[in-house]
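Okay, thanks for having me, let's get going.

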Amino acid sequence: MSPHPAPSGTPQHGADGPLAGIRVVELGQYISGPYAAKLLADLGAEVVKVEAPDGDPMRRWEGHGAMSPQFAAYNRGKRAVRLDLKTADGLAALLDLAREADVLIENFRPGVATRLGFGPDALHEVNPHLITCSITGFGPAGPYAARPAYDTVISAVGAMYSQVVPAETLRPLGPAFSDLLSGMSATQAILAALHAREARGHGEHIDVSMVGSLIDFLTEAASTYLETGQVAGPDSRPRRAQAYACAGSDGKAFVIHMSVPEKFWTGLLDVLERPDLADDPRFATREARVRNYDDLDAELKAVTERMPRQHWLERLAAHDIPHGPLNTVADLFDDPQVASMGLVEEIIGHDGTPLRVPAPSTRFHVSGRPALRAAPRLGEGDGDVLARAAASVTEPATTTAPEGTRA
């Protein structure tokens, strides 16, 4: 049983999920492709991960053999098969898998799939109803297209680091932004293509770029620059949003977000017992507070350091001011709100060891979702999965698109 059960009245897993019956073939390595396929698996799709004979390189991160924690995070709920796609037998087996699939995801460099014989045209010849999705760093063409594309490079080129890393720090920080966002973009596009297939009766090819996904995400900063010429930086959004981070006397951090409503500013003055700040010309209006953000930040920190964090959290809650503790990952799942949401589940690993994993946060009150399963062992589906795909070649062609969409 999960140590953090779902709230009373919330549907539990056990149903098949909204993508039940959808078959996905994933030719992914590292993060972007595997993450997109993992999101589809969480929604109930049957996902077969195709790996080279020595496996996805992320399996072996940090000396963890064939199941690193990083690999497990992005590959749960899948089956895995090994194919050497540079051989005729490997290519034939892949085409067998594609013939019975609804979706195929790959994140090779542009042109690699076509050169090896499983580009979109070749795949649509064997299965015209297939949705194919290519995730690349810079897109299929252009001066950077053939370059190796890892998250650090894309997050730099795509301006993400300029929004989260102070210029004086000069080092990459944070999660794999472009990998994760392009994986989410791919999932969104695949779901849209599956919907469109119902009307058109045939599949299509989707191109997703990591750099383009970052620009989609940075829509406020990008649009503001294109319209006004203003260049956003790491503090642009917090300054406009009147968001502040402070620490109590115990060193524990928390955040305050005042946004636009004046009531949050006046309430904060009551919390801090600093009514005099209302008369300070630097803070008299919201526009003034935006201009003098650093000065107000210093004033807030000078007050909050006098009492422990819990004192401030209670007072902020009593005055209905947007706020919250600044949690670390170690704090996150003990936060009372997060604990109440059922966002951690216990599953059984391949060695029988219980594993606690983050559960999908989106709930479908009719479709439900399948029970979570651990990431696959290398080649665990080499027998039954590949045999089923090969057997389908001798049977009438069938896929899982809705009735009436077949040619």
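So, valine 157: it comes out partly exposed, at a relative accessible area of 43%. For the cut-offs, buried is under 20% relative accessible area, exposed is over 50%, and partly exposed is in between, with a 1.4 Å probe and protein chains only. Before I go on, this is a predicted model, where local features need pLDDT of at least 70, side-chain atom pairs count only at pLDDT 80 or more, and totals for chains, interfaces and linings use all residues. Residues are numbered from 1 along each chain as its sequence is written, and side-chain values use heavy atoms, with hydrogens and water left out.

Back to valine 157, which sits in helix H6, residues 151–157. Helices here are DSSP runs of H or I with at least four residues, strands are runs of E with at least two, and both are numbered from the N terminus. Together with Tyr144, Tyr150 and Val153, Val157 makes a nonpolar surface patch of about 360 Å². A patch takes residues with over 30% relative accessible area and no salt bridge, joining like charges within 9 Å and nonpolar side chains (Val, Leu, Ile, Met, Phe, Trp, Tyr) within 5 Å. The areas are Shrake-Rupley with a 1.4 Å probe, and for residues only the protein chains shown count as cover.

Now, serine 155 is in helix H6 too. Is serine 155 buried or exposed? Buried, at 0% relative accessibility. Setting aside neighbours within four places in sequence, serine 155 is in contact with Met160, Tyr161, Phe177, Ser178 and Leu214, where contact means heavy atoms within 4.5 Å.

Let's zoom out. The protein chain has 18 helices and 11 strands, and its C-alpha trace spans about 80 × 50 × 45 Å along the principal axes. Of its 407 residues, 44% count as buried. The chain exposes about 20600 Å², with carbon and sulfur atoms supplying 56% of that. And if you take contacts with a separation of 6 or more, 72% of them are between residues 24 or more positions apart.

On to the inside. In soluble globular proteins, nonpolar side chains tend to be buried together. Here, the largest nonpolar core has 32 residues, and the ones with the most contacts inside it are Val24, Val103, Ile105, Cys133, Ile135 and Ile190. By nonpolar core I mean a set of buried Ala, Val, Leu, Ile, Met, Phe, Trp, Tyr and Cys residues joined through side-chain atoms within 4.5 Å. Elements that each supply at least two residues include helix H1 (32–42), strand E5 (131–136) and helix H9 (210–217). Which element gives the most to this core? That's H8, with six residues. Isoleucine 105, again leaving out neighbours within four places, has contacts including Val24, Leu27, Ala36, Leu40, Cys133 and Ile190. Apart from this core lies another, of 22 residues, among them Leu83, Leu97, Ala113 and Leu386.

Cysteines, quickly. Cysteine 133 is buried at 1% relative accessible area, and cysteine 246 is buried as well, at 4%.

Salt bridges, then. A search of the whole structure turns up 30, each being a side-chain nitrogen of Lys or Arg within 4 Å of a carboxyl oxygen of Asp or Glu. Take arginine 23 and glutamate 100, whose closest N and O atoms are 2.8 Å apart. That one links distant parts of the chain, since arginine 23 is in strand E1 and glutamate 100 is in the loop between helix H3 and strand E4, 77 residues apart. Arginine 23 is partly exposed at 24%, whereas glutamate 100 is buried at 7%.

Then there's glutamate 46 with arginine 388, at 2.6 Å between the closest N and O atoms. Glutamate 46 lies in strand E2 and arginine 388 in helix H18, so the pair ties together parts that are 342 residues apart in sequence. Glutamate 46 is partly exposed at 30%, and arginine 388 is partly exposed at 31%.

One more pair: arginine 239 and aspartate 235 meet at 3.1 Å, N to O. Arginine 239 counts as buried at 18%, while aspartate 235 is partly exposed at 36%. And Arg274, Asp276, Asp280, Arg282, Asp295 and Glu299 are linked in a salt-bridge network.

That's my tour, thanks.
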